[in-house]
Amino acid sequence: MAWTNIILQGALLGGLYALFAAGLSLMFGVMRLVNIAHGDLIVLAAYCALMVVQATGVHPLLSLVAVVPLMFALGYALQRGLLNFTLGHEILPPLLVTFGLSVIIQNALLEGFSADSRRLQAGALETASLRLGDQLAIGWLPAIVFLAAAVIIALLEVLLYRTPLGRAFRATSDDADTAQLYGVGIRHVFALATALALAVASVAGVLLAIRTNFDPSIGPARLLYAFEAVIIGGLGSLWGTLAGGVILGVAQSVGGALDPGWDILAGHLAFLLVLVIRPRGLFPKLVD
Amino acid sequence: MAAAWRIERSTAASRAALFAVALAFAALLALPARGDSGDLRLAVEICYSLALAQAWNLLAGYTGLVSVGQQAYVGLGGYAFFALTVLAGMPPLPSLALAGLVAAALALPTAFVVFRLHGAYFAIGTWVVAEVFRLLLAQMRPLGGGTGMSLPVAVVRDLAQSRGARDLITYYLGLGLGLGTVLLVFFWLRSRQGLALTAIRDSETAAASVGIDNRRTKFAVYAIAAGIAGLTGALAFLEKLRISPDAAFSVGDWTANVIFIVVIGGIGSIEGPILGTIVFFALRALLADYGAWYLITLGALAVAVMLLAPQGLWGVVARPLGLQFFPVQRRLRPLNSPQTAPEAASPGRGD
């Protein structure tokens, strides 16, 4: 029963990793842009939520009403004003510009909020749990996080495969030049993709900030988890990314149960194992 | 149209540069006579930053291997040095050399895994590998676990009895590492393999089509860069006298700064990282009192350079003038009229 519990908690944690990963996956899918600052943008969203909560005193989940549109707008501006100029045939410019951005965001947060550890207080939600059996219980918060991940991924799937915008995303992903011939304004489409990615990242950031402590330096580790979930799941498949997040979460949880120092390491090792056995991930859709 | 051409490698600028480098080297050899201990420590840091920058430039600028995980090998080199001296009881100098070899040797199986990823995914993959090494070493109790360990006095004494002598030895080791790396890259790029590297830099497909073994070349570059990082780690932590997983595998110290140096100076040339190192340490001295603003400025400068002048500061200065201090290219000159000389190989990347 103890192991069932460990695996269940790990799987729920995987929902958070899938939320980290969905934005990264979307940006890569639409414009082949790997955003190294993704983790730091998640942390930035957490700090935005912190400011909203401190200013208004609302419940952290309610701060999403302000943080999501804010990050959406930031994403649009970031892509239109900066990242669009890095896209081309060379791999270095987008990589190094987002890397520079990551360092800038981390240090700006350090300057603004100090290195102190913060947390969003969510009241009773933090400890409330649902009993499933004698030794099995799931917390409401991890359950909500997992559900949020599943719902957001389902919505993204609907958006991608059932709407005109999704068609524009997919057409641009397949061949940006031809998409332009058919009247798709790719600069605008790219900006919308990043805006959407950061909107999802802001949900991830707020849920992260309720779940654990955060400080300006934790962004890169979130980027690595997001990246691992995407690669384990296979490029281009959002449900695969959710599966990848779950595998990563379970690996960390099982590793941590064996030895407290091994949780993160076990996740990384699971990722490397998938990379050696199935380099294209478990459910690949896109060819890099 | 007889074959009235000759191949020119050195130029007036490069000959002048050779002279200047020789002068600078002589001045650096004499530095310990004038500078105090602090000056020497700064000089060592400049030297190993230059070595790391040249190695990263070889990786990213020539073979397109944009690694964000070079801290893996700096850390492994540092820990190998501590393990060899403290646990195995070896004398410091052979341990230093061996630490570089250990890092290079561990790079080969690692390359087998990370080379499955390409482009930006390769970059993040190398970062994951560095994290794996950091977390593994944090689990190793004999090497101090997560808190790290200090270099025992006996080992430090083994290097030299007096503090002054130790400063002198680390200084010359640093100088050797910095200059050695520049010379290694220079002579490598002038060799047959260097031609292959330049070809891969300009077009991987074209390089493969003329019979260059891209994969093998990449393995070699990755291992050499790891070896240089390993030597850097051994030297840096010999100087710091203390190692911990967080310091040894710091992405900021060992990779981010190095990337900024190369990007700001100019990627894909030998001169770029040298200029970048000078700019980096000048900026650091200038902004020393401004805390996090220093890194924000550095990051913004790197982003601006990448967008506005991808050839870096060296490209901005040297390209219009056709300057080249380290001649790694071949120019075809007609024997009679040197004015109308076409260029056989382009100095810049990607054009």
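This is a predicted model: local features need pLDDT of at least 70, side-chain atom pairs count only at pLDDT 80 or more; totals for chains, interfaces and linings use all residues.

User: Let's begin with secondary structure. How many helices and strands are there in chain B?

Analyst: Chain B contains 15 helices and four strands. Its radius of gyration is 21 Å, close to the 20 Å that the globule rule gives for 351 residues, so chain B is as compact as a globular protein of that length. Its C-alpha atoms occupy a box of roughly 70 × 50 × 40 Å along the principal axes.

User: How much of chain B counts as buried?

Analyst: For burial, we count the C-beta atoms around each residue, and 20 or more others within 10 Å make it buried. In chain B, 45% of the 351 residues pass that test. The contacts tell us about the fold too: of those in chain B with a separation of 6 or more, 76% join residues 24 or more positions apart.

User: Now helix packing. At what angle do helix 1 and helix 8 of chain A pack?

Analyst: For a pair of helices, look at the angle between their N-to-C directions and the distance between their axes. Helix 1 (residues 2-31) and helix 8 (residues 186-211) of chain A pack at about 170°, with axes 8 Å apart. Angles over 145 degrees count as roughly antiparallel, and helix 1 and helix 8 of chain A are therefore roughly antiparallel to each other. The contact between these two helices has 19 nonpolar, two polar and one charged residues.

User: Is helix 8 of chain A largely enclosed by the rest of the structure or exposed, and why?

Analyst: Of the 26 residues of helix 8 of chain A, 22 are buried, so this helix is largely enclosed by the rest of the structure. Its length can be checked as well: at 1.5 Å a residue, its 26 residues should span 38 Å, and the end C-alpha atoms are 37 Å apart, which agrees.

User: Which values come out of the length check for helix 5 of chain B?

Analyst: Helix 5 (residues 119-138) of chain B has 20 residues that should span 28 Å at 1.5 Å a residue, and its end C-alpha atoms are 29 Å apart, which agrees. As for burial, 17 of the 20 residues of helix 5 of chain B are buried, so it is largely enclosed by the rest of the structure.

User: Let's turn to the interface. How many residues of chain A are in contact with chain B?

Analyst: The size of an interface is often given as the accessible area lost when the parts come together. Here we count residues instead: 34 of chain A are in contact with 37 of chain B. On the side of chain A that touches chain B, helix 4 (92-113), helix 9 (219-233) and helix 11 (263-277) each supply at least two residues. Helix 4 of chain A gives the most, with 14 residues. By class, that side of chain A divides into 25 nonpolar, five polar and four charged residues.

User: What about backbone angles: what is phi of A:Arg32?

Analyst: Most residues other than glycine have a negative phi. A:Arg32 has a positive phi near 55°. A:Arg32 sits in the loop between helix 1 and helix 2 (38-56) of chain A, and its 16 C-beta neighbours inside 10 Å make it partly exposed. A:Ser114 also has a positive phi, about 65°. A:Ser114 belongs to the loop between helix 4 and strand 1 (129-131) of chain A, and with 12 C-beta neighbours inside 10 Å it counts as exposed.

User: Finally, sequence versus space: how many residues apart are B:Glu45 and B:Gly174 in sequence?

Analyst: They are 129 residues apart in sequence, while their C-alpha atoms are 7.7 Å apart in space. B:Glu45 lies in helix 2 (residues 37-62) of chain B and is partly exposed, with 16 C-beta neighbours inside 10 Å. For another pair, take A:Ile277 and A:Gln121, which are 156 residues apart in sequence and 42 Å apart from C-alpha to C-alpha. A:Ile277 is in helix 11 of chain A and counts as exposed, with 8 C-beta neighbours inside 10 Å.

Methods
Residues are numbered from 1 along each chain as its sequence is written. Chains are lettered from A and ligands numbered from 1 in the order in which they are written. Two residues are in contact if their C-beta atoms, placed from the backbone, lie within 7 Å. Ala, Val, Leu, Ile, Met, Phe, Trp, Tyr, Cys and Pro count as nonpolar, Asp, Glu, Lys and Arg as charged, and the others, Gly among them, as polar. Axes are lines fitted to C-alpha atoms, for helices over the stretch in contact, and angles run from 0 to 180 degrees between N-to-C directions. Angles under 35 degrees count as roughly parallel, over 145 as roughly antiparallel, 65 to 115 as roughly perpendicular and the rest as oblique. The expected span of a helix is 1.5 Å times one less than its number of residues. The radius of gyration is taken over C-alpha atoms; the globule rule is 2.2 Å times the number of residues to the power 0.38.
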